[in-house]
Amino acid sequence: MSLSATKPLPNDWLERFRAEPQPALDDLLRGLARVPPYERATPSDILDRLFGVLAADDPDRQRLDSTLCDWLAGRRTCMTPDERAAYGLSRFVTETMDALSAVWLLQLPRSGAWIQDHYLELDQWAAPLRLSESWDLPRALAQAGALTQVDQRLQFYWLRLCKEAAQPSRRAMIDPALNGLSRLPDTAGQGASPQLIAGLARFGAELESNPRDQRDFLRRWRALKARFPRTGRVWQELWQGVLKNRQFQDRPFVAWLTETEAVLRTESRARPVSLPSKQQIDALFQRLQRGERESVLPYIQKMLDGCEHYAQGTGDAHFFVRSACNLGKDVLAWAPGHALVWARDALSWSPANGYAWDLRARALRSLRRPDLAQAVYWEAVRRLPTNAVVRTQLALLLIDQGREPEAEALLREAHERDPSSAHVRAELARLLARTGRETEAEALLRRTLDLCEFSRNPIVLYTFALLLVAWGRVEEAGKLRDLYVRRFGANQWSETLSGMIAAGAEGRTEALYHLAKRDLHGEPADHPIAADAKPADWAVAREEQAAAPLRRAAGASQADLLFRVNDPVSAERNLADLLADDPDDLYPQIVWALHVPERRPLLAERYREALGTLSPHLAGADQTTPAAHWELLGETFPERMGLIDLTRLLRAGADEAAAARLEYWIVGGQGDDYLRARLLAQRGRDGRIDPGNQELQALLTDAIRAEVDLGDRVLGEAA
Amino acid sequence: MTPAFKDLEELLRSTCRSGDPNLAAYGENYLFEERVSGPRQGAYESAQQGNSADFAAWDRWHRDQYLPRAIHRAVPETFTGINAEAAHSSALGEDQWLVRVENLRYALGENGLTIDRLHELLTAVQDGRRDPKYDLLDAEASLEGVCESLNRNPYAVRPRFAGFYQGLEDTLAAPDWPDLVRDRFGLAHFNPAPKEIIPVALMRYPVRDVLAAARKAADAVHPICVPTVLDHEFTSYFVPAPRQLPYGRTLQLAGDPDCEYKIAEVLHLRLAYRVEHLFRVGVVTRPVDTLVTPGLARLRADHIFCLQYESDRNDFGALPPGWSKP
């Protein structure tokens with residue numbers, strides 16, 4: 001037997017680690033420890049050499065696990081963003097990546113559990129810290145998340161990540177996303193599971209028909225086949241749900257797959273995963289319309305489970321999300337707990353779904369949690385800047401708190417962005433009247449009534465008639481009531497109007513009472529059924545658990561609005577408070593830089609090398625931003641070229657090539673429909689895009705805020 | 001190198017006289033170095049001032065300040081004009097093969113592969129024949145994933161030690177080639193515990209690929225260099241080569257009394273691996289017994305003898321009078 005087999009080499013570092021674990025490990029991970037003969041090894045390789053063969057219950061190994069866990073926990077706060085930039089982002093990222101890889105290489109249970117418990121929080125923190133292909137902290141974190149799983153809690157995260165990874169700037173994330181799905185514990189058929197195929201399908205469904213996308217898709221598919229050798233029949237069964245799915249039919253990846261895999265061109269004998277039938281769904285809606293309540297809920301849940309099972313097997317969650325939102329809306333009045341659960345589930349699959357955001361907030365309001373509802377709406381408004389519904393609902397909540405100026409700003413923006421919304425017009429008029437601007441309110445309502453597109457909408461007529469009663473103009477109100485009845489027939493609203501008109505002075509008081517109600521046009525509130533209590537408690541408790549990041553985001557969004565209503569002092573105070581609590585929180589930094597140009601150089605300096613997210617670069621851009629940096633942003637985020645060029649034009653003046661690209665994007669680009677339409681209109685009106693135009697600057701601010709990646713914590717964890 | 005400042009000289013003297021063979025080796029390597037240019041040495045030693053209290057202070061400064069600033073960056077100082085004296089001087093054929101050993105633990109874990117599976121996949125691709133188990137394109141895709149993992153390693157940016165393939169064929173024919181290659185490359189840190197294995201890949205690529213990668217980096221004027229003491233952490237399993245030798249020489253861990261097994265070694269700028277660069281995969285299984293017996297000092301002494309012999313320089317590797325351990 002060799003000497004080395006019985007007598008390990010003396011190791012000074014190991015002795016020091018036993019005496020002072022934290023500083024010794026910190027030195028090692030930062031590359032400062034000299035550990036012969038491993039001077040040329042990476043820190044994680046040194047740890048592997050020293051601890052890799054130790055038994056799980058060895059004291060040194062357990063000490064390493066707990067010390068590494070503490071080291072990772074302290075990593076977020078060990079340096080401010082400025083200190084980190086001075087230290088060297090590449091070095092910081094290298095060290096953190098190495099520590100993360102040590103966790104899964106050495107299979108350290110405590111550190112692994114800590115990563116799982118804090119994954120979404122870490123994901124948000126690490127998101128900007130991608131410097132290049134090699135210095136990619138978000139990807140290393142995702143790998144660590146995938147390789148330390150002990151349960152299914154990250155399943156939705158991986159499925160969402162598969163979809164996001166289709167964007168060129170996020171393409172590197174497809175490997176950890178598929179790794180995460182293939183390593184979900186306890187799935188049927190470990191490795192080659194339906195979830196894995198669903199993830200690959202979600203990735204494929206977002207890809208374009210170009211050689212790079214084709215290569216990237218087929219490479220992942222082929223590597224999975226080599227990694228999980230299965231018979232053609234197994235693959236055929238796993239893929240058939242996807243290949244039969246109508247949503248995917250025209251997507252290029254289906255042709256790429258079937259062209260390369262002969263077996264996938266044939267039908268499998270196994271029964272494919274399928275959706276509930278239209279008859280089943282219609283029957284449920286009919287039962288709801290007949291007034292069934294508690295008895296129908298288990299059937300709805302079963303149907304939704306079926307839709308979700310289909311989503312898990314195919315990656316297509318369209319039916320599930322739509323059904324969850326529609327059914328949630330129908331049961332909201334008497335089962336808000338169920339509606340909240342379904343809304344959260346829908347958001348887990350589809351984080352940009354406005355209906356799901358609205359349903360989530362409405363349910364919270366019904367469950368007497370307006371504070372949480374408001375935080376949800378703030379985030380919905382940030383994510384969906386052109387969605388008039390969530391903006392209006394947020395405005396109504398602010399009115400409840402007496403914050404009329406902010407509410408008015410939101411309603412005016414909602415009106416501007418969606419002039420076709422009768423609800424927004426009616427609410428704006430109501431607010432104007434309530435704050436003593438009756439003339440403006442009346443003019444808005446008259447203009448609205450003159451537009452034929454609103455002739456079939458009862459809301460404007462009803463609101464106008466109610467205001468006229470409140471103003472003592474009962475004769476005019478009566479004429480509108482008559483018009484209402486002619487158009488929409490007699491109903492509870494026309495009867496309410498008739499009663500008030502007939503009541504004279506008392507009717508005026510009643511009209512004022514109605515006008516002061518929060519939800520003027522909503523269905524009457526109902527009492528939740530007993531069977532809703534348990535799901536409601538559960539869902540609200542989950543909302544509470546996840547409320548902190550949502551409230552922080554809401555705080556920064558409120559600051560943005562305060563800037564816009566000319567209250568910069570309050571806005572800056574809010575932001576300073578948020579950053580005092582967490583200096584690394586990106587969103588408050590971005591809001592601040594968007595509204596206070598003096599803060600832009602600071603933001604740009606902090607994140608110059610960090611190319612994981614686009615928003616700090618756009619928010620921090622000004623005339624001093626080097627041309628090379630604009631080019632680098634374009635190369636890194638090609639899918640956001642239009643927004644990059646627009647920011648460049650408005651902040652620094654675009655060069656000829658950028659201006660030409662911008663023109664092409666405005667006319668024929670993809671996404672950002674509202675922004676492009678406004679740019680087109682402005683260019684048509686003024687002959688050019690004017691960087692001094694305040695409306696465009698406001699639109700840009702919204703677009704950059706929407707670009708901020710707040711991670712998945714604000715979605716709430718799925719059921 | 002003769003240190004310009006008194007405090008560093010004193011530190012080196014005490015380090016060389018240390019009873020710790022590792023410390024002595026670090027000091028000797030600095031003194032034996034002949035390829036660091038005057039400007040590079042001057043810049044290094046000026047910046048190092050104030051960190052000569054003991055070797056630990058110097059080493060900490062070297063790791064904490066010098067390496068992150070000068071070496072661990074997209075184009076390390078190694079490959080810039082300041083290191084012209086270490087630039088590889090003899091003509092290199094673009095078709096010459098370089099080889100390098102990579103640890104595969106991370107890449108295998110990330111790609112969910114075992115070393116046996118990887119070996120099967122590589123064999124399928126290299127044979128190019130229809131394999132009953134793997135489709136050729138599937139196997140290639142899997143190997144691409146492994147290369148990508150290696151390329152994504154944040155340490156991949158550091159100067160890469162590589163040797164020349166010629167002269168390695170016999171070693172690769174042996175069933176235990178990973179152990180033998182580890183020894184010939186002087187990779188003492190690939191030192192498994194008994195019954196442990198370290199999965200490795202032998203990467204092989206032409207000089208042409210290194211030069212092509214270097215053309216994308218404007219500052220990389222000397223993309224292939226002879227390794228010097230300043231290009232990495234201080235290590236005792238490295239000895240700088242005399243300036244008469246056109247390459248570095250690896251320290252053969254298994255001992256090399258006849259000076260036959262050293263590999264000509266260079267440092268080169270990073271290149272992104274491709275599937276065709278994956279030449280062999282295997283496992284290192286044997287601990288480096290020679291670290292204990294005969295031990296580092298003996299290995300280094302034998303190695304320095306070979307360097308003197310090959311360069312015809314009896315004076316190389318000799319400490320100034322009075323500097324040796326009493």
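A disulfide here takes a pair of cysteine sulfur atoms within 2.5 Å. A:Cys307 counts as buried, at 1% relative accessibility (buried is under 20% relative accessible area, exposed over 50%, partly exposed in between, with a 1.4 Å probe and protein chains only). B:Cys147 is buried too, with a relative accessible area of 2%.

This is a predicted model, with local features needing pLDDT of at least 70 and side-chain atom pairs counting only at pLDDT 80 or more, while totals for chains, interfaces and linings use all residues. Residues are numbered from 1 along each chain as its sequence is written, chains are lettered from A and ligands numbered from 1 in the order in which they are written, and side-chain values use heavy atoms, leaving out hydrogens and water.

## The disulfide

Over all chains, the count comes to one disulfide. The bond joins B:Cys259 and B:Cys306, with their sulfur atoms 2.0 Å apart. B:Cys259 lies in the loop between strand S5 (248-249) and strand S6 (264-268) of chain B, and B:Cys306 in helix H11 (residues 296-311) of chain B, so the pair ties together parts 47 residues apart in sequence. Helices (H or I, at least four residues) and strands (E, at least two) are DSSP runs, numbered from the N terminus.

As for geometry, the torsion about the S-S bond of B:Cys259 and B:Cys306 is about -85 degrees, so the disulfide is left-handed. Both B:Cys259 and B:Cys306 are buried.

## Where the chains meet

Chain B puts 56 residues into the contact and chain A 51 residues, contact meaning heavy atoms within 4.5 Å. Between them, chain B and chain A bury about 4800 Å², with 52% of it on carbon and sulfur atoms; buried area is the accessible area (1.4 Å probe) that two parts lose on being put together, summed over both. On the chain B side, B:Arg152, B:Tyr155 and B:His189 lose the most area to chain A, together 15% of what that side buries.

## Charged pairs

There are nine salt bridges between chain B and chain A, each a side-chain nitrogen of Lys or Arg within 4 Å of a carboxyl oxygen of Asp or Glu. In one salt bridge, the side chains of A:Arg91 and B:Asp64 meet at 2.5 Å, N to O.
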